[in-house]
Amino acid sequence: MVAGAAGGVASLAMPYVLDPGVALRLVVAVLVALQIRLLFAIPAMVVHLVIRLRSRRLHATLCVAVLAAAPLVGAGTPDAPAAPPAPPGLSVAGAEFVAGATAPARITQVTGAPAVEPIRAYASLGDGGTDAARAAAAVDDLRRDGGFTRSTILVAAPTGSGWVDPAAVATVEYLTGGNVATVAVQYADRPSWVEYLEGTGPAERSAAALVTAVRAALDALPAGPRPRLVLFGESLGAIAAAGVADRADATLLAGLPGSANRPAPPHATTILNADDPVGYWSPRLLVAPDGPGPWLPIVTFWQVTGSLPGAQDVPAGHGHRYGGGFAQGFVDAGAVPEPAAATVTAVGRAIDG
């Protein structure tokens, strides 16, 4: 029953893993022929469009049409719920991150062991004009709140909007009994796909600055036991974290774009759901297989691409949602002392529940 449900979810979230029947293959053949025909027609279409757009009259008509349609589009789109006001100097993403620390009583309820209050520190874009300045601000907050007295420092590389997956951070808080301080730095305030298209440099430079600052602070501590530096990144954050994994004691990367069928980056452990299109998407799919299941020229690429927008709209453990899977992932990465299997299961259930 469970396997059937999982297969159904996988089919909805990632239809390109299905084995197409004869009828579907005929339809695909027609689609491929049409797309090849379109491919050869595109250059002429572009030239024709450029010539037409040189007409000022047509340009003015398009502008008027867009302006006239804008109110209609806006009227059909429900307003997003108002976000709670963020503390001065802290972005909305940062406020949600800091306020989301897991309560010690909840940790004890799930793990059955005593727990302490986890610590979280976050630097927003307004905390500095450079990556180094924001990293320094985050480390200062970490030090002020007593973060360097904890057994583990978790450095989380956020997505493009500054969001950090609360399931991942809460997982480490459960597994360490709250004996962890998590720190993150915002480098942008746009969706990850926008940042990804414009280049991963800002994300990578921000992660490098923060890891460097935290490592320097750890090295400056008096001789003796020091907190372990654990690094985490998801999606675009995984790309950022992968570049500095060698500076951490343990690194977990979740949903690393394009990571399917490829070895994990050096010094890192990766987790990827079998139906996560983010991990399987690649321009290579246009012309060659690069993932599980059957492959069809051009069509498979568009199937994977079409799965991307809904990759989060699936149950935890499928698509681009990792939920309770973080528990075993962090254990496998060596981020925490290996707990009892029952504890890992309990934490996974608590995250998904």
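Ala260 is buried, with a relative accessibility of 3%. The model in which this residue is seen is a predicted one. Ala260 belongs to the loop between E5 and E6. When its neighbours within four places in sequence are set aside, Ala260 is in contact with Leu272, Gly279 and Tyr280. A further relation concerns Asn273: 13 residues separate Ala260 from Asn273 in sequence, and their C-alpha atoms are 9.5 Å apart in space.

The loop between E5 and E6 also holds Asn261. Is Asn261 buried or exposed? Asn261 has a relative accessible area of 61%, and because the cut-off for an exposed residue is over 50%, Asn261 counts as exposed. The backbone at Asn261 deserves attention as well, for its phi is near 60 degrees, a positive value in a residue other than glycine.

The protein chain contains 14 helices and six strands. Of its 353 residues, 43% are buried. Among the contacts with a separation of 6 or more, 64% are accounted for by residues 24 or more positions apart.

The six strands form an open sheet, in the order E1-E3-E2-E4-E5-E6 and with parallel pairing. Strand E1 (119-123) and strand E6 (269-271) are its edge strands, each pairing on one side only. On average, and with direction ignored, neighbouring strands of this sheet are turned by 20 degrees against each other. Helix H6 (residues 131-144) packs on the sheet, where it touches E1, E2 and strand E3 (180-185). The direction of H6 makes about 160 degrees with that of E3.

Within the sheet, strand E4 (residues 228-234) may be considered in detail. Six of the seven residues of E4 are buried, so this strand is largely enclosed by the rest of the structure. Which strands pair with E4? Strand E2 (residues 152-157) runs parallel to E4 and is joined to it by six bridges. In this pairing, Leu154 stands opposite Val230 in E4. Strand E5 (residues 250-254) also pairs with E4 in the parallel sense, over five bridges. Val230 has Ala250 as its bridge partner in E5, and Glu234 stands opposite Ala254 in E5. In a regular strand, the side chains alternate between the two faces of the sheet.

E4, helix H10 (residues 236-242) and E5 together make a right-handed β-α-β unit. Ser235 lies in the loop between E4 and H10. Ser235 is buried, its relative accessible area being 13%. The phi of Ser235 is near 60 degrees, again a positive value in a residue other than glycine.

Helix H10 itself includes Ala241. Ala241 is counted as buried, at 0% relative accessibility. Residues up to four places away in sequence being left out, Ala241 touches Ala157, Leu231, Phe232, Gly233 and Leu253. Ala241 and Glu204 are 37 residues apart in sequence, while the distance between their C-alpha atoms is 7.0 Å.

Thr176 has its place in the loop between helix H7 (166-175) and E3. With a relative accessible area of 17%, Thr176 is buried, because the cut-off for a buried residue is under 20%. Apart from its neighbours within four places in sequence, Thr176 is in contact with Thr152 and Val336.

Two packed helices are described by the angle between their axes and the distance between the axes. Helix H13 (residues 325-332) and helix H14 (residues 341-352) pack at an angle of about 140 degrees, and their axes are 7 Å apart. This angle makes H13 oblique to H14. Which residues make the contact? H13 contributes Ala327, Gln328 and Val331, and H14 contributes Val344, Val347 and Gly348.

Methods:
Residues are numbered from 1 along each chain as its sequence is written. This is a predicted model: local features need pLDDT of at least 70, side-chain atom pairs count only at pLDDT 80 or more; totals for chains, interfaces and linings use all residues. Side-chain values use heavy atoms; hydrogens and water are left out. Axes are lines fitted to C-alpha atoms, for helices over the stretch in contact, and angles run from 0 to 180 degrees between N-to-C directions. Helices (H or I, at least four residues) and strands (E, at least two) are DSSP runs, numbered from the N terminus. Angles under 35 degrees count as roughly parallel, over 145 as roughly antiparallel, 65 to 115 as roughly perpendicular and the rest as oblique. Contact means heavy atoms within 4.5 Å. Buried means under 20% relative accessible area, exposed over 50%, partly exposed in between (1.4 Å probe, protein chains only). Two strands pair if DSSP finds at least two bridges between them. A crossover is right-handed if, with the strands pointing away from the viewer, the path from the first strand over the helix to the second runs clockwise.
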